[in-house]
Amino acid sequence: MKVTVDQDRCVASGQCVVAAMEVFDQRDEDGIVVLLNPEPTAEQAEDVRHAAAVCPALAIEIQD
Amino acid sequence: MTSTVNPVDERAARAPEFPMARAAGCPFDPPPELRDLQQEGPLARVRLWDGSTPWLVTRYADQRALLGDPRVSADIYRPGYPRQAPMPPGGSGVSFILKDDPEHARLRRMVTAPFAIKRVEAMRPGVQKIVDDLIDEMLAGPNPVDLVEAFALPVPSLVICQLLGVPYADHDFFQDNSKVIINRDVTPEQRSTAHGNLIEYLDGLMGEKIAHPADDLLSGLAERVTAGELSRNEAAQMGVLLLIAGHETTANMIALGTLALFEHPEQLALLRDTDDRRLIDSAVEELLRYLHITHSGRRRVAVEDIEIGGEVIRAGEGLILANDIANRDPGMFPEPDRLDLRRDARRHVAFGFGVHQCLGQPLARMELQVVYGTLYRRIPTLRPAAELERIPFKHDGSVYGVYELPVTW
């Protein structure tokens, strides 16, 4: 699995952090997404898929 | 030339009025007409207070697609936007929730930092103390008591005051004015006066924060005013938005959620008997889905033609996305009318979807997790002190809930 994020689209909802905090974080100054790990492990995959599904700005892209 | 009636016009002529009434005896369920329309098809025409007939979108998948679609505008000044009420006379501008990007994003990003997950988590112990102290006071005070007044309203009001840097001593003033603003049945003049009162109040606070900055959100906005990034009026608008949204909605979720749990004792027992964070978090998501208190529909207007389910929404036509019935869409949530705290309800749209999704949702979720995870455990005999039929519901509110909830223990 490969993950990319679009910081311009991101609205800082933080739901990706709630879903998968080993993979996503937020910038201190404005809460915009920071990708910690672009290649999540198999164990993290389901949480990352959930993060992409609940992202209100559709700012997370996944390639399998 | 034939004289066939345009089917779109005919449908507009038959359009039912919106918002619709809930069924008697079903205070937790969306209006039955919404369910009928959802079953009939993806789009319907409804008639608003001003005679306009925007599209009503009822299904979960369509709503998510439209709320995430850049061809859809949230700009209240754009022709065709389905307004909830007449624009107030001599309006003082609108906050970013009624604007489009890039202006919306510019303003919103000024206030996103305090709602980041880690910042909200850092507030959790303070919220837990507020909740514990209010429960202590309740237990030491009169019994029965109105849960709204004694608990549901003070919890989020105290929290948002702390976050913004608003003196809690002023809570009667801002709660009373907020109540007017979010009432569907007040006159435009009444709403405008209440809004003006709050703008004036926040403007005064902004002056104090500019002179004496503190460690709070309003002081952050004051810095931006000083730096010329934000006008003082924009800052006051944002302050009013955050103050109203920060206490009214969560207060309604606390009181209405408690009443819904009273009506589902086996579900209440789950919360009363657990300290499992996963179950508590899941309960919050399910109650958000099931109750869906923002029951007036998300309002938008199409800026280009958009096809949905074989029909075309024309540029300039209004859209109402009834999120309450989307959260009861059987295509998304099996047995949608059943309250089931153990189900995975996380994909609900109680906070909306798209770039305008509720800014405060991480804070609201955390507050509700603390409240639902504490109140029924601390007061295991908590129960209603009035019949359901006697509880006054906010049918006239743009946000749903109860005006009072007498409880005993």
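Figure 1. On a 1 Å grid over the protein atoms alone, a pocket is an open set of points with protein on both sides within 12 Å along at least five of seven lines, and its lining residues have an atom within 4 Å of a point. Grid points are joined across faces, edges and corners, and a volume is the space filled by probe spheres set on the points. The structure is a predicted model, in which local features need pLDDT of at least 70, side-chain atom pairs count only at pLDDT 80 or more, and totals for chains, interfaces and linings use all residues. Residues are numbered from 1 along each chain as its sequence is written, chains are lettered from A and ligands numbered from 1 in the order in which they are written, and side-chain values use heavy atoms, with hydrogens and water left out. The second largest pocket has a volume of about 890 Å³.

**Figure 2. Lining of the second largest pocket.** Among the 29 residues that line this pocket, A:Val18, B:Asp281, B:Glu285, B:Arg346 and B:Gln369 lie nearest its centre. Two or more lining residues come from each of helix 1 (15-19) and helix 2 (45-54) of chain A and helix 5 (117-140), helix 13 (277-291) and helix 15 (361-378) of chain B. Helices (H or I, at least four residues) and strands (E, at least two) are DSSP runs, numbered from the N terminus. Helix 13 of chain B contributes the most, with 6 residues. The lining comprises 11 nonpolar, 5 polar and 13 charged residues; Ala, Val, Leu, Ile, Met, Phe, Trp, Tyr, Cys and Pro count as nonpolar, Asp, Glu, Lys and Arg as charged, and the others, Gly among them, as polar.

**Figure 3. Helix 2 of chain A.** Because 7 of its 10 residues are buried, helix 2 of chain A is largely enclosed by the rest of the structure. Buried means under 20% relative accessible area (1.4 Å probe, protein chains only). The buried residues include A:Val48, A:His50 and A:Val54. They pack against strand 1 (2-5), helix 1, strand 2 (24-26) and strand 4 (60-63) of chain A, together with helix 3 (60-67) of chain B, where contact means heavy atoms within 4.5 Å.

**Figure 4. The largest cavity.** A cavity is a set of grid points where a 1.4 Å probe fits but cannot get out. The largest cavity holds about 100 Å³ of space. Of its 17 lining residues, A:Cys10, A:Ser13, A:Cys16, A:Val33 and A:Cys55 are the closest to its centre. The lining has 12 nonpolar, 5 polar and no charged residues.

Conventions:
Buried means under 20% relative accessible area, exposed over 50%, partly exposed in between (1.4 Å probe, protein chains only).
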